[in-house]
Amino acid sequence: MSYESPTRINSPVRIRLRAFFIAPGAAVMGLFFFVPLLIVFAYSMLTRGPYGGVMPPWTAESYSRIFDSLYGEILWRSVWIASVSTAICLLLGFPLALYIARSGRHKFLLLNLVMLPFWTSFLIRTYAWMFLLRDTGLINSALEAVHLVRQPLPLLFNSGAVILGLVYGYLPFMVLPLYASLEKLDPALLDAAEDLGASPWVALHRVVLPLSKAGIVAGCLLVFIPCLGAYLTPDLMGGGKTVMVGNLVQNQFTTARDWPFGAAAALLLMALVVLVLWALGRRGEDLV
Amino acid sequence: MKRFLAVYASAAYLFLYLPLAVLGVFSFNDSKLAIWRGFTFNRYTRVFHDSALLEAATNSLIIAVAATVISTVIGTLAGYALWKKRLPLLTNSLYLSLLTPEIVTGISLLAFFEWIFRYLRVQLGMHTVILAHISFSLAYVVIVILARLRTFDPALEEAGLDLGATEWQVFRRITIPLLLPGILAAALLCFTVSFDDYVITSLVAGVNSETLPMVIYAMARRGVSPEVNALSVMITGVLGVFILLAGRLEQSSSRPRRHT
Amino acid sequence: MGFSSVLPALALCFQEVNTVLELRALTKRYLTHPAVNGISLSIDRGEFFALVGPSGCGKTTTLRLIGGFEEPTSGGIFLDGRSVAGSRPYQRDVSTVFQNYALFPHLTVAQNVAFGLERRKHLTKPEIRTKVEQALALVQLSGKEGRRPDQISGGERQRAALARSLVLEPKVLLLDEPLSALDPKLRKQMRTELKSLQRRVGIAFLFITHDQEEALSLSDRMAVMNRGALEQVGTARELYQQPRSRFVAEFLGGVNWVNGAGVRPEAVRLSRQQPGNGAHSLTATVQSSTFLGNCFHVETRLANGVCCTAEIAQNGCELAPGDSVHVWWNPSDELRIADQD
């Protein structure tokens with residue numbers, strides 16, 4: 001049962017109370033989210049300082065550098081990896097979400113079991129895959145032990161490993177909205193489809209998929225965007241060889257000490273995120 | 001089809017848990033390599049003797065607790081206010097902050113602090129980390145609180161007003177007690193998110209405030225890490241318990257049990 | 001339309017000492033439509049007043065305006081002669097029993113009942129405890145003090161909600177469809193309990209419902225509301241037997257409209273032969289006869305095509321479809337409608 005928020009009356013006491021409640025949250029958002037972004041924007045228009053940091057003059061040089069071939073390649077790789085990861089998540093996550101949605105009493109338990117790994121530690125889970133995949137890792141050691149290979153397989157430090165890491169990391173984010181969508185699906189619809197002569201696959205295609213569109217879109221959004229801006233996974237699983245936008249930005253702000261360039265790259269990433277969000281017509285409240 | 005789904009689901013769950021399980025098993029391995037040599041608690045004891053590790057763990061704990069307390073309070077108040085009166089600007093900002101890539105949040109906060117430090121004689125340290133954690137965990141708290149409020153009957157507050165309580169008294173005596181499971185769930189979530197953060201923390205931590213994720217990252221990067229497995233198992237265990245608790249609280253008695 | 005112009009004038013002339021609650025041209029307008037459209041009403045001390053109407057007619061909104069949960073667009077609400085405009089619910093000496101009782105789930109029954117009393121600083125703990133016990137005894141809930149709302153039955157929850165409001169001794173008790181959440185048998189039982197409770201405490205009850213039977217049986221006076229306006233105010237008898245509009249007539253019971261006059265089914269007499277007392281009768285054919293347990297529900301079709309329904313007592317003559325009957329009634333049973341619209 002869900003309720004509408006009651007009608008409010010605006011008496012002075014209540015307005016003061018409301019302001020008191022909202023103020024800290026709004027201050028945090030304003031001060032620690034918007035202002036920093038503004039500063040990043042400002043920095044992207046400045047020149048790099050001698051020891052890192054920024055200094056005048058104002059220039060749009062960073063942005064013009066952005067569109068040279070190197071950054072373009074990184075951007076394209078990021079989009080490609082994010083897209084592939086999202087697609088794989090969708091393929092893997094849909095049957096799982098369908099299973100959970102139809103599992104009756106155990107729904108919550110099964111759902112929690114999916115979400116549980118996600119909430120423990122992203123870093124640790126990424127490290128777990130490193131433990132499995134690296135040259136001295138479990139898989140290679142096992143394969144060598146049974147003499148299936150003579151040299152360790154390069155399972156880690158490539159794009160494939162990054163995609164695997166991302167899929168593993170964000171699969172629960174695909175499953176959750178899919179589940180929410182599929183759970184609302186009236187099982188009677190599928191019975192009706194069967195009654196009218198449709199095979200399970202046809203029913204899936206003509207009934208389930210169209211009706212779970214909202215969940216699919218939400219899931220893709222919740223996976224694509226973090227993947228686009230991923231830093232940790234390409235860094236650890238890609239070994240610094242698979243550079244995505246996130247790595248570039250981090251690099252510019254630490255090692256390379258070219259803050260304006262890093263700022264421009266970060267803003268471009270942010271712009272891409274906002275674009276994707278806007279393109280799919282999503283507003284904040286729809287996600288919950 | 002049901003059978004296929006069930007088999008598939010089992011495989012999927014295996015995929016999700018296998019790496020962690022492997023990590024767990026090998027944390028008891030008496031060898032640095034990934035070949036089983038013998039059972040030992042060695043690594044666990046080593047963790048507790050590593051002073052750098054313990055210091056990092058303490059830092060992480062302090063930061064997480066501070067950020068959780070502050071974030072939960074601010075987030076609960078904000079969520080409640082948003083439930084009463086919709087403010088699309090604030091809600092959308094919160095959700096945007098949730099979806100913003102961590103690297104962007106991290107460098108923006110780094111730039112922000114660096115700019116502020118031109119005027120205040122402060123450095124990057126625990127305090128900047130705590131502020132950073134508050135800023136990105138706020139959205140989580142608000143989401144949980146709003147979700148909980150959606151099942152809250154407004155008539156309960158009206159009844160309180162009707163019986164003579166002011167708005168503030170209603171909030172303290174009726175709303176908060178009934179919201180408590182949700183608030184605790186939000187706090188646990190907040191703690192987990194804060195404890196585990198690497199990207200943002202590494203950018204704003206400065207020199208002297210290493211956190212546990214930063215240590216783990218360094219160890220993972222280096223590849224040689226007898227203690228990381230044990231550490232990972234412990235952290236996963238504790239956080240896992242927290243999350244299960246949070247989940248329990250979120251679903252607990254949000255609906256009154258119907259009595260005939 | 002008549003009431004909204006007459007009553008305010010009357011109110012200005014007379015100062016009713018007996019009036020505990022007065023609404024003057026009360027209006028609540030939302031963006032698209034007026035939910036409450038200029039209603040004026042007086043409720044006397046100690047009276048059981050029912051406000052009845054179809055869903056969406058504005059009765060709940062009226063209650064919320066009186067309770068202080070919404071502010072009127074215009075018009076006034078006067079409690080004991082003093083305006084309550086702008087005051088918050090906790091400043092008004094009225095109490096509301098909500099439709100789903102709104103008992104605080106985290107408090108026991110006793111704590112629920114004590115809630116309002118605890119807000120009153122001048123009462124000591126023992127005093128509060130005594131009052132709580134008295135209130136629970138009044139609604140026959142003694143012994144359930146320590147239970148939580150989810151541990152008691154629906155009927156008990158309703159009584160707890162009543163106790164919680166009554167213990168504060170408000171000037172008016174507002175009840176928002178309190179019986180609608182109960183099953184029919186329990187509803188009937190609670191009806192009598194509610195009526196006797198009101199008699200005992202002597203507080204004015206403003207009871208809203210969409211069930212006309214409840215309104216008719218419980219009220220001292222009642223009003224029928226439709227689309228934000230009051231159609232008629234009076235005693236149950238007055239409204240039932242002398243409805244001033246078609247809407248009121250049809251809302252409170254079945255009506256047969258025959259040749260411009262209305263007659264209630266229970267007043268319609270049927271006989272095979274011409275009635276001997278000289279009453280004007282019409283010929284009709286029986287369409288159907290349904291046994292409802294305590295009466296027969298007979299549908300007939302008059303010569304001019306109009307359908308006429310009669311409710312005949314059990315021991316009436318056995319009628320079958322196709323039978324020819326004479327339909328007649330006592331002229332004094334006719335409903336004369338003032339304005340037909």
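User: Helices are DSSP runs of H or I with at least four residues and strands are runs of E with at least two, all numbered from the N terminus. With that settled, how many helices and strands does chain B have?

Analyst: Heads-up: this is a predicted model, where local features need pLDDT of at least 70 and side-chain atom pairs count only at pLDDT 80 or more, while totals for chains, interfaces and linings use all residues. Residues are numbered from 1 along each chain as its sequence is written, and chains are lettered from A and ligands numbered from 1 in the order in which they are written. Reading chain B from the N terminus, the elements go α-α-α-α-α-α-α-α-α-α-α. The tally is therefore 11 helices and 0 strands.

User: What percentage of the 260 residues of chain B is buried?

Analyst: A residue is buried with 20 or more other C-beta atoms within 10 Å of its own, exposed with 12 or fewer and partly exposed in between, with C-beta atoms placed from the backbone. The C-alpha atoms of chain B fill a box of roughly 70 × 65 × 35 Å along the principal axes. Of its 260 residues, the buried share is 52%.

User: Which residue takes a positive phi just after H10(B)?

Analyst: Helix H10 of chain B covers residues 212–222, and its buried residues include B:Leu212, B:Val215, B:Ile216 and B:Ala220. In an α-helix there are 3.6 residues a turn, so residues three or four places apart point the same way. Just past H10(B), a positive phi of about 90° belongs to B:Gly223.

User: Which helix gives the largest share of the side of chain A that touches chain B?

Analyst: Contact here means C-beta atoms, placed from the backbone, within 7 Å. On that basis, 78 residues of chain A meet 80 residues of chain B. Chain A's side splits into 56 nonpolar (Ala, Val, Leu, Ile, Met, Phe, Trp, Tyr, Cys, Pro), 7 charged (Asp, Glu, Lys, Arg) and 15 polar (the others, Gly among them). The largest share, 18 residues, comes from residues 12–44, helix H1 of chain A.

User: Which element of chain C has the lowest mean pLDDT?

Analyst: pLDDT is the predictor's confidence in each residue, from 0 to 100. Chain C averages 87, and 92% of its residues score at least 70. E7(C) has the highest element mean, 96, and the lowest, 58, goes to residues 2–13, helix H1 of chain C. Where pLDDT is low, the predicted coordinates should not be read in detail, and in chain C the lowest element mean is that of helix H1.

User: Which strands stand at the edges of the open sheet of 6 strands in chain C?

Analyst: The order is E6-E7-E8-E3-E9-E10, with mixed pairing (strands pair if DSSP finds at least two bridges between them). Each edge strand has a single partner, so one side of each is left without a neighbour in the sheet. Those edge strands are E6 (94–97) and E10 (229–234).

User: Which residue is the bridge partner of C:Thr96 in E7(C)?

Analyst: From E6(C), C:Val94 and C:Thr96 point one way and C:Ser95 and C:Val97 the other, and all are buried. E6(C) and E7(C) (172–176) pair in the parallel sense over 4 bridges. C:Val97 sits opposite C:Leu175, while the partner of C:Thr96 is C:Leu174.

User: Which residue takes a positive phi in the hairpin of E4(C) and E5(C)?

Analyst: E4(C) (74–79) pairs with E1(C) (19–29) in the antiparallel sense over 5 bridges, and C:Phe78 is the bridge partner of C:Glu22. E4(C) also pairs with E5(C) (82–83), antiparallel over 2 bridges, where C:Phe78 stands opposite C:Ser83. The hairpin has 2 residues between its strands, and a positive phi near 55° is taken by C:Asp80.

How values were computed. Contact = placed C-beta atoms within 7 Å.
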